[in-house]
Amino acid sequence: MINSYDKEKVLSKKKIILTGIVIMAVLILIDRLLKIWAVNILEPLGSITVIDGVFEFMYLENQGAAFGVLQGARWFFLILTIIITAFSVYVFFKMPPLKKFRFLRITLILLVSGAIGNFIDRLTGEYVVDFLYFKLINFPVFNFADICVTFAEVFLIIAVLFVYKAEDFGLIFKGKAEDEYNS
């Protein structure tokens, strides 16, 4: 039974899952295509200036994590990515089919997409391909998957601090069947 939720706010679980899979596939495809471009076009050139002194495409093979930390810890990142992705997918599937959880679903889609994008690089090679560089502030070189993960992290902080209450997270792990929301 939906006590405090309006029946109009209940969504189709199948539609939610299918939409999530499609969006993840698109984000992962964008990441792959950009990295293929970076390897084929950018690697031979080294870098391409977009805005002089501000932004450029710079080819970099990163064997670590964000900001180049933990260089050479490939297996650690592969295992960590599997754990984080598995937990995120579990939460996504356990989440009640309510519109109020849309923000959290988007957050998990971004997190998993970015994690898988960099996971593919680590699985197929010894490094992650990075290519976006803000020269003006000398920000570490990053890629599209990193953008997805960063937005997911910011959204997760916002979700935990400002959007959801403890009882909302409790709903996720109670395991209510979809029928209970549709009755």
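Colleague: Two strands count as paired if DSSP finds at least two bridges between them. Over how many bridges do strand β2 and β3 pair in this predicted model?

Modeller: Strand β2 covers residues 55–62, and its pairing with β3 is antiparallel. Within this pair, Asn-62 stands opposite Val-128 of β3. The threshold for pairing is at least two bridges, and the number for β2 and β3 is six.

Colleague: Which strands are the edge strands of the sheet?

Modeller: The sheet is open, with three strands in the order β1-β2-β3 and antiparallel pairing. An edge strand here pairs on one side only, which applies to residues 47–51 and residues 128–134. The edge strands are thus β1 and β3.

Colleague: What kind of aromatic pair do Trp-37 and Phe-131 form?

Modeller: Trp-37 belongs to helix α1 and Phe-131 to strand β3, so this pair ties together parts 94 residues apart in sequence. Trp-37 is partly exposed at 28% relative accessibility, whereas Phe-131 is buried at 1%. The ring centres are 6.4 Å apart with 75° between the planes; since planes over 60 degrees apart count as such, the pair is edge-to-face.

Colleague: How is the pair of Phe-101 and Tyr-164 classed?

Modeller: Phe-101 lies in the loop between α2 and α3, and Tyr-164 in the loop between α4 and α5, so parts 63 residues apart in sequence are tied together. Phe-101 is buried, at 0% relative accessible area, and Tyr-164 is buried as well, at 5%. The ring centres are 5.6 Å apart and the planes stand at 10°, so the pair is stacked.

Colleague: Which residue lies over the face of Phe-77?

Modeller: A charge over a ring is also found at Phe-101, where Lys-100 lies 6.0 Å from the ring centre. At Phe-77 the distance to the ring centre is 4.5 Å, and the residue is Arg-122.

Colleague: Is Ser-113 buried or exposed?

Modeller: Ser-113 lies in helix α3, residues 102–124. Beyond its neighbours within four places in sequence, it is in contact with Met-24, Leu-27 and Ile-28. Its relative accessibility is 2%, so Ser-113 counts as buried.

Notes. Residues numbered from 1 in each chain as written. Predicted model: local features only at pLDDT ≥ 70, side-chain atom pairs only at ≥ 80, totals over all residues. Heavy atoms only, no water. Helix = DSSP H or I, 4+ residues; strand = E, 2+ residues; numbered from the N terminus. Buried < 20%, exposed > 50% of the residue type's maximum accessible area, 1.4 Å probe, protein only. Contact = heavy atoms within 4.5 Å. Phe/Tyr/Trp six-rings, centres within 6.5 Å; stacked < 30°, edge-to-face > 60°. Lys NZ or Arg CZ within 6 Å of the ring centre and 35° of its normal.
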